[in-house]
Amino acid sequence: MPMLFNCPLSVSKAVRIIEQFDLKPHSQVLDAGCGDGEFLTRVAERYQINGFGFDLNQSLIEKAHAKANSRVKSGKVVFKAQAAADFSAQTGFYDLIICIGSEFIFGGYEGALKTLKPYLSKNGLLLIGTIFWKKEPLEEYLQLMDGENPYFDHAATVDKAVQNGFIPLYVCRSNADEWDDFESSVSRRKYLEILDQPANAETTEKIEKIRMWQSGYIRWGIDTMGFGFYLLRKA
């Protein structure tokens, strides 16, 4: 079965999170960095909302259109290929904003909180899915991420939301099975794409990069990196 979400999230947990929204029909929902639109489409199926999702990847947006066209009423959910810098909306317009694994397009977690908050309606909801540290990452592990460290621990991630004027209504984390399934699914897809190509120095290098990331997850990531889903209400 293909991976449904580009993050460590199972279908059962996605259903549980979506149930927390308690949206009304025709609520306005934004998915910033929507990928192939699976999560927003599921929200539309559950609540009959009006949805808009954007992502820079044109191929993923085409897949999102196909999903929405086959599963929700025509025109209820719209997707567009565009950069975050090109997004604009009326302040106070959205009842729910979703940003799962895409906070980097706003300069990081705190940047996403600050950028998206004005677009929320009174008591509007923001769902952010982001990495957090279970413990301080080793330098060797950070090197796999180009030496960048834009994340916080779980408690600090919640605290940052409170400091930026949000109430943390519902907080949950990915479990070990979800992480293993996500990482293995990504590695498997990448390996198979390369192994179907003629063997040469370039493909050997690509396989080694995949193997390095896979090894880093097994050696360090399992005990170091978590993923949280933070449902925040605009205070």
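## Ile97 in strand S4

Ile97 touches Leu30, Leu116, Tyr119, Leu120, Leu125, Leu126 and Leu127, leaving out residues up to four places away in sequence. The model in which these contacts occur is a predicted one. Ile97 is placed in strand S4, which spans residues 94–100. With 0% relative accessibility, Ile97 counts as buried.

## Helix H3

Helix H3 covers residues 58–71, 14 residues in total. From first to last C-alpha, H3 reaches 20 Å, close to the 20 Å expected at 1.5 Å a residue. Ile61, Ala64, Lys67 and Ala68 of H3 are buried. These residues are on the same side of H3, because they cover an arc of only 120° around the axis. Asn69 and Ser70 are exposed and sit on the face of H3 turned away from its buried side.

The cover over the buried residues of H3 includes helix H2 (38–47), strand S2 (50–55) and strand S3 (77–81). At the N-terminal end, H3 is capped by Asn57, with a side-chain oxygen 2.9 Å from the backbone nitrogen of Ser59.

## Ala81 in strand S3

Ala81 belongs to strand S3, and S3 is among the elements that cover the buried residues of H3. Ala81 counts as partly exposed, at 30% relative accessibility. Not counting residues up to four places away in sequence, Ala81 touches Asp55, Gln58 and Ile61. Of these, Ile61 is one of the buried residues of H3.

Ala81 can also be placed relative to Gly53. Their separation is 28 residues in sequence and 8.7 Å in space, C-alpha to C-alpha.

## Helix H6 and its surroundings

Helix H6 runs over residues 154–163 and contains Thr157. The buried residues of H6 are Thr157, Val158 and Ala161. Seen down the axis of H6, they fall within an arc of 95°, so they line one face of the helix. They pack against helix H4 (109–116), strand S5, strand S6 (166–173) and strand S7 (225–234).

Thr157 has a relative accessibility of 1% and counts as buried. Its contacts, leaving aside neighbours within four places in sequence, are with Tyr109, Thr130, Phe132, Phe152 and Tyr230. Both ends of H6 also have local features. At its start, a side-chain oxygen of Asp153 reaches to within 3.2 Å of the backbone nitrogen of Ala155. Just after H6, Gly165 takes a positive phi of about 85°.

## Helices H7 and H8

Helix H7 (residues 176–195) packs with helix H8 (residues 201–224) at an angle of about 170°. Their axes are 9 Å apart. H7 and H8 are therefore roughly antiparallel to each other.

On the H7 side, the contact is made by Trp179, Asp180, Glu183, Ser187, Lys190, Tyr191, Ile194 and Leu195. H8 contributes Thr203, Lys206, Ile207, Ile210, Arg211, Trp213, Gln214, Tyr217 and Ile222.

## The loop between H1 and S1

Pro25 is in the loop between H1 and S1. Pro25 counts as exposed, at 51% relative accessibility. Leaving aside neighbours within four places in sequence, Pro25 is in contact with Tyr47 and Gln48. Its C-alpha atom is separated by 46 Å from that of Arg211, 186 residues away along the chain. Arg211 is one of the H8 residues in the contact with H7.

His26 also has its place in this loop, between helix H1 (11–19) and strand S1 (28–32). His26 counts as exposed, with 55% relative accessibility.

Most residues other than glycine have a negative phi. His26 is not a glycine, yet has a positive phi of about 75°. Asn123 likewise has a positive phi, near 65°.

Asn123 lies in strand S5, residues 120–133. Its relative accessible area is 37%, and Asn123 is partly exposed. Strand S5 is also among the elements against which the buried residues of H6 pack.

Methods:
Residues are numbered from 1 along each chain as its sequence is written. This is a predicted model: local features need pLDDT of at least 70, side-chain atom pairs count only at pLDDT 80 or more; totals for chains, interfaces and linings use all residues. Side-chain values use heavy atoms; hydrogens and water are left out. Helices (H or I, at least four residues) and strands (E, at least two) are DSSP runs, numbered from the N terminus. The expected span of a helix is 1.5 Å times one less than its number of residues. Buried means under 20% relative accessible area, exposed over 50%, partly exposed in between (1.4 Å probe, protein chains only). The arc is that of the directions from the helix axis to the C-beta atoms. Contact means heavy atoms within 4.5 Å. A polar contact is a pair of N or O atoms within 3.5 Å; within protein, one must be able to donate a hydrogen and the other to accept it, and residues adjacent in sequence count only if both atoms are side-chain atoms. Axes are lines fitted to C-alpha atoms, for helices over the stretch in contact, and angles run from 0 to 180 degrees between N-to-C directions. Angles under 35 degrees count as roughly parallel, over 145 as roughly antiparallel, 65 to 115 as roughly perpendicular and the rest as oblique.
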